[in-house]
Amino acid sequence: MRWNGGVATSGLTPTDGWTTCSLGHRHWGRAGAAGLLVHRDGAGGPELLLQHRALWSHHGGTWGTPGGALHLDETAEQGALREVEEELGLAAGDLVLGAMSVDDHGGWAYTTVLARPVGDLDPSRLRLDGESTGVAWVALASLHQVTLHPGLAASMDRLRPLLSDGTAA
């Protein structure tokens, strides 16, 4: 879903739009949202495939996971796979899904679905849809060197253990 200044610009579904959770936070996705955290084992430990969000997007200029609003009757896995295909051109067959972690805000939740690439995944060969200005493998140990999307930054304590042991949080 693309939006600018809080207004969706194309492809609206009934669940696209802003909502406020019980914590008072404003979120995109009336039925919640999901994203895909692609990770691999690197020479220095886990590496994450992160997208650099376009400046016009929500929290533009930060690094995060491809993701967005869930559609009606869509599971978190389905939504995360749809979003990664829309935003990066990755197909479901390119990935093996793993654990999930839910960030529940009371009345709204973001589900991070972890995945590993099936083969070598070269970020320069991905097809970006305009919601991103770039995509790169970022070592877990180097995350402090990039400006993370606030939601991803807040979830990292829950996500770190999943990168090695594959259990759900």
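Analyst: Begin with contacts, meaning heavy atoms within 4.5 Å. Leaving aside residues up to four places away in sequence, L36 touches T65, P66, A80, L81, V84, L95, L97, V113 and A115. L36 is found in strand β5. Helices (H or I, at least four residues) and strands (E, at least two) are DSSP runs, numbered from the N terminus. This is a predicted model: local features need pLDDT of at least 70, side-chain atom pairs count only at pLDDT 80 or more, and totals for chains, interfaces and linings use all residues. Residues are numbered from 1 along each chain as its sequence is written, and side-chain values use heavy atoms, with hydrogens and water left out.

User: Is L36 buried or exposed?

Analyst: Buried means under 20% relative accessible area, exposed over 50%, and partly exposed in between (1.4 Å probe, protein chains only). L36 has 0% relative accessibility, so it counts as buried.

User: Which residues does V38 touch, not counting residues up to four places away in sequence?

Analyst: V38 touches E47, L48, L49, L95, A115, P117, L121 and W137 on that count. V38 lies in strand β5, which covers residues 33-42. With a relative accessible area of 1%, V38 is buried. The C-alpha atoms of V38 and V84 are separated by 9.6 Å, and these residues are 46 apart along the chain.

User: What is a nonpolar core, and which residues of the largest one touch the most other members?

Analyst: In soluble globular proteins, nonpolar side chains tend to be buried together. A nonpolar core is a set of buried Ala, Val, Leu, Ile, Met, Phe, Trp, Tyr and Cys residues joined through side-chain atoms within 4.5 Å. The largest one here has 18 residues, and L36, V38, L49, L90, L95, L121 and L126 touch the most other members. The elements that give two or more residues to this core are β5, α1, β10 and β11 (132-139). The most comes from α1, with 5 residues. There is also a second, separate core of 15 residues, which includes W63, L140, L143 and L162.

User: Where does L95 stand in the strand pairing?

Analyst: Two strands pair if DSSP finds at least two bridges between them. L95 stands opposite P117 in β10. The strands β9 and β10 pair in the antiparallel sense over 8 bridges. They form a hairpin with 4 residues between them, and G106 in the turn has a positive phi of about 80°. Not counting residues up to four places away in sequence, L95 touches L36, V38, L81, V84, L90, A115, R116, P117 and V118.

User: What does the side chain of H105 make a polar contact with?

Analyst: A polar contact is a pair of N or O atoms within 3.5 Å; within protein, one must be able to donate a hydrogen and the other to accept it, and residues adjacent in sequence count only if both atoms are side-chain atoms. The side chain of H105 makes such a contact with the side chain of D103, at 3.1 Å. H105 lies in the loop between β9 (95-104) and β10 (109-117). Its relative accessible area is 12%, so H105 is buried.

User: Which residues other than glycine have a positive phi?

Analyst: H59 is one of them, with phi near 60°. H59 sits in the loop between β6 (45-53) and β7 (63-64), and is partly exposed at 33% relative accessible area. D73 is another, also with phi near 60°. D73 is in the loop between β8 (67-69) and α1 (76-88), and counts as exposed at 83% relative accessibility.

User: How many helices and strands are there in the protein chain?

Analyst: There are 3 helices and 11 strands. Of the 169 residues, 47% count as buried.

User: What is the mean pLDDT of the protein chain?

Analyst: The pLDDT is the predictor's confidence in each residue, from 0 to 100. Its mean is 86, and 88% of residues reach 70 or more. Over residues 1-9 the pLDDT is below 50, although this stretch has 28 contacts in the model beyond near neighbours in sequence. Where pLDDT is low, the predicted coordinates should not be read in detail.
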